Amino acid sequence: MNQLTVFYDGACPLCRREISFLRRMDKHERVAFEDVSPPDAAEYCPIPQKKLLARFHVRDTDGRMIDGAEAFTRLYSEFPGFGWVRPIGQFGPSRWLLNRLYDVFLFIRPGIQRLFR
């Protein structure tokens, strides 16, 4: 594997907006983007589709699946000027805090999605 792979919910307007932003940032094509929202996506999902849709996941270049805060920081570290965020996602206390904040976001996400539809 030579690319980081992002698994995202293409049915989510917030997710589509962020992925669009990330694609524009990915000038060196370091990241592969996989929409796991279509019903037939279960055929190519590396873990259950339901898990991929419930929480942000990336597969690193070694094939390891990463989710939550560490996945976000791993992804953003691929882009120029953002390399400093990777250690934040790897450091236990900051990863714990970011995951709690992400859990809050996931709880309120349906309401935010309605605003962006």
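Me: Which element supplies the largest share of the lining of the largest cavity?
Reply: The model is a predicted one. In it, the lining of the largest cavity consists of Arg-64, Ile-66, Glu-70, Thr-73, Arg-74, Arg-86 and Gln-90. At least two lining residues come from each of helix H3 and helix H4 (86–90). The largest share, three residues, is supplied by H3.

Me: How many cavities of 30 Å³ or more are found in the whole structure?
Reply: The largest cavity has a volume of about 30 Å³. When the whole structure is searched for cavities of 30 Å³ or more, the number found is one.

Me: How many residues in the lining of the largest cavity are charged?
Reply: Arg-64, Glu-70, Arg-74 and Arg-86 are among the residues of this lining, and Arg and Glu count as charged. The lining also holds one nonpolar and two polar residues. The number of charged residues is four.

Me: How many of the nine residues of H3 are buried?
Reply: Helix H3 covers residues 68–76, and a residue counts as buried when its relative accessible area is under 20%. Gly-68, Ala-69, Glu-70, Ala-71, Thr-73, Arg-74, Leu-75 and Tyr-76 are buried in H3. The helix is therefore mostly covered, and the number of its residues that are buried under this cut-off is eight.

Me: With which residue does Glu-78 form a salt bridge?
Reply: Both residues of this pair are buried. The closest N and O atoms of the pair are 2.5 Å apart. The partner of Glu-78 is Arg-74.

Me: Is Asp-60, the salt-bridge partner of Arg-64, buried or exposed?
Reply: In this pair the closest N and O atoms are 3.4 Å apart. Arg-64 is partly exposed, at a relative accessible area of 41%. Asp-60 has a relative accessible area of 5%, and because this is under 20%, Asp-60 is buried.

Me: How many residues apart in the chain are Asp-67 and Arg-55, which form a salt bridge?
Reply: The closest N and O atoms of Asp-67 and Arg-55 are 3.2 Å apart. The pair links distant parts of the chain, with Asp-67 in strand S4 (residues 65–67) and Arg-55 in the loop between helix H2 (49–54) and strand S3 (57–59). Asp-67 counts as partly exposed at 34% relative accessibility, whereas Arg-55 counts as buried at 19%.

Me: How many salt bridges does the count come to?
Reply: A salt bridge needs a side-chain nitrogen of Lys or Arg within 4 Å of a carboxyl oxygen of Asp or Glu. One of the pairs is Glu-78 with Arg-74, and another is Arg-64 with Asp-60. By this rule the count comes to seven.

Me: Which element gives the largest share of the lining of the largest pocket?
Reply: The largest pocket has a volume of about 300 Å³. Of the 18 residues that line it, Cys-15, Glu-18, Phe-56, Phe-72 and Phe-105 are the closest to its centre. Strand S1 (4–8), helix H1 (13–25), H2, H3 and H5 each give two or more residues to this lining. The largest share, five residues, comes from H1.

Me: How many nonpolar residues are in the lining of the largest pocket?
Reply: Cys and Phe count as nonpolar, and Cys-15, Phe-56, Phe-72 and Phe-105 are among the lining residues. The lining contains no polar residues and four charged ones. The number of nonpolar residues is 14.

Me: Is Phe-107 buried or exposed?
Reply: Phe-107 is located in helix H5 (residues 92–116). Together with Val-104, Phe-105 and Ile-108, Phe-107 makes a nonpolar surface patch of about 410 Å². Its relative accessible area is 70%, and because this is over 50%, Phe-107 is exposed.

Me: What is the phi of Glu-29?
Reply: Glu-29 is in the loop between H1 and strand S2 (31–35), and it counts as exposed at 62% relative accessibility. Most residues other than glycine have a negative phi. Glu-29 is not a glycine, yet its phi is positive, at about 50°.

Methods:
Residues numbered from 1 in each chain as written. Predicted model: local features only at pLDDT ≥ 70, side-chain atom pairs only at ≥ 80, totals over all residues. Heavy atoms only, no water. Buried < 20%, exposed > 50% of the residue type's maximum accessible area, 1.4 Å probe, protein only. Helix = DSSP H or I, 4+ residues; strand = E, 2+ residues; numbered from the N terminus. 1 Å grid on protein atoms, 1.4 Å probe; cavity = no way out; pocket = protein on both sides within 12 Å on 5 of 7 lines; lining within 4 Å. Points joined across faces, edges and corners; volume = space filled by probe spheres on them. Patch = residues over 30% accessible without salt bridge, like charges linked within 9 Å, V, L, I, M, F, W, Y side chains within 5 Å. Areas by Shrake-Rupley, 256 points an atom, 1.4 Å probe, with all protein chains shown as cover.
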